[in-house]
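Dear colleague,

I am handing over the structure below, and after it you will find my notes on what turned up when I went through it. Please read them with the coordinates open beside you.

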Amino acid sequence: AQSVTQPDIHITVSEGASLELRCNYSYGATPYLFWYVQSPGQGLQLLLKYFSGDTLVQGIKGFEAEFKRSQSSFNLRKPSVHWSDAAEYFCAVGGDTGGGNKLTFGTGTQLKVEL
Amino acid sequence: KAGVTQTPRYLIKTRGQQVTLSCSPISGHRSVSWYQQTPGQGLQFLFEYFSETQRNKGNFPGRFSGRQFSNSRSEMNVSTLELGDSALYLCASSLQGGYNEQFFGPGTRLTVL
């Protein structure tokens, strides 16, 4: 069965500091990996995705993530955090389960940005 | 292009009632998935519809059901509501078959009293 672990429930960083959110996954085949962000009372916005190819992927809002198959990880990074980045971040894994779409999400990391 | 829309945005029901939530996918998208988000269980997959057929199903009781219409709009129904059904219900659409990124709507906040 597929699963996602986000070990950090809460993270606090100062504005302008760098950020790394951790994500480890378990999946039997080649995974499709995603990072979503959710602001309070809102739906999920896709930050970036990895399907194949270059293991360093760029996303929106200056985020990037690196797929490391040997470590089963897909950590999200941003070199300089802005106060508007405060939100909850979800890592998700999916795959071609017989032609269907299904995402398995981690429990999320709540990011707080100190000014 | 308009995004995924969900109606209603907020809903209050009492135990034992039933509820129907609606989702309109992005134009041209044929796959619609539903997720339940709660503080205790996080984001959980309910089911997916593609071309009016249920293609995937999560581990939810039969009280949770859905359908998809020929225009790809989808509804989910929860019968005999329980307090634990209080949640944010998110709908996501994606382009077609195989695996594609999913675009989420704003959700319907259901409160069961």
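B:Thr80 is found in the loop between β8 (74–78) and β9 (87–94) of chain B. Please keep in mind throughout that this is a predicted model. The phi of B:Thr80 is near 45°, which is a positive value in a residue other than glycine, and with a relative accessibility of 47% B:Thr80 counts as partly exposed. I list such places because most residues other than glycine have a negative phi, and most peptide bonds are trans.

A second case is B:Glu52, which is not a glycine either and yet has a positive phi of about 70°. B:Glu52 sits in the loop between β5 (42–50) and β6 (53–57) of chain B, and it counts as partly exposed, its relative accessibility being 48%.

The peptide bond between B:Thr7 and B:Pro8 is cis, with an omega of about -10°. B:Pro8 belongs to the loop between β1 (5–7) and β2 (10–13) of chain B.

**The contact between the chains**

Chain A and chain B each bring 22 residues to the contact, and the area buried between them is about 1800 Å², of which carbon and sulfur atoms give 53%. Between the two chains there is one salt bridge, in which the side chains of A:Lys49 and B:Glu101 meet at 2.8 Å, N to O. Polar contacts between chain A and chain B number four residue pairs, counting those with both residues at pLDDT 80 or more.

On the side of chain A that touches chain B, at least two residues are supplied by each of β5 (32–38), β6 (44–50), β10 (87–94) and β11 (103–105) of chain A. Of these, β5(A) gives the most, with four residues. Sorted by class, this side of chain A has nine nonpolar, ten polar and three charged residues.

**A strand of chain A with two faces**

The bridge partner of A:His10 in β12(A) is A:Gln110.

**Salt bridges within the chains**

Searching the whole structure gives ten salt bridges over all chains. One of them links A:Glu64 and A:Arg77, whose closest N and O atoms are 3.2 Å apart. Because A:Glu64 lies in strand β8 (residues 64–68) of chain A and A:Arg77 in strand β9 (residues 73–78) of chain A, the pair ties together parts that are 13 residues apart in sequence. A:Glu64 counts as buried at 19% relative accessibility, while A:Arg77 is partly exposed with a relative accessible area of 24%; for A:Glu64 the cut-off matters, since buried means under 20%.

In chain B, B:Glu75 takes part in a salt bridge with B:Arg67, where the side chains meet at 3.2 Å, N to O, and in another with B:Arg73, where the closest N and O atoms are 3.3 Å apart. B:Glu75 counts as buried at 16% relative accessibility, whereas B:Arg67 is partly exposed at 48% and B:Arg73 is partly exposed at 24%. Returning to chain A, salt bridges that share partners join A:Glu64, A:Glu66 and A:Arg77 into one network.

With best regards

Conventions. Residues are numbered from 1 along each chain as its sequence is written. Chains are lettered from A and ligands numbered from 1 in the order in which they are written. Side-chain values use heavy atoms; hydrogens and water are left out. Contact means heavy atoms within 4.5 Å. Buried area is the accessible area (1.4 Å probe) that two parts lose on being put together, summed over both. A salt bridge is a side-chain nitrogen of Lys or Arg within 4 Å of a carboxyl oxygen of Asp or Glu. A polar contact is a pair of N or O atoms within 3.5 Å; within protein, one must be able to donate a hydrogen and the other to accept it, and residues adjacent in sequence count only if both atoms are side-chain atoms. Ala, Val, Leu, Ile, Met, Phe, Trp, Tyr, Cys and Pro count as nonpolar, Asp, Glu, Lys and Arg as charged, and the others, Gly among them, as polar. Buried means under 20% relative accessible area, exposed over 50%, partly exposed in between (1.4 Å probe, protein chains only). Two strands pair if DSSP finds at least two bridges between them.
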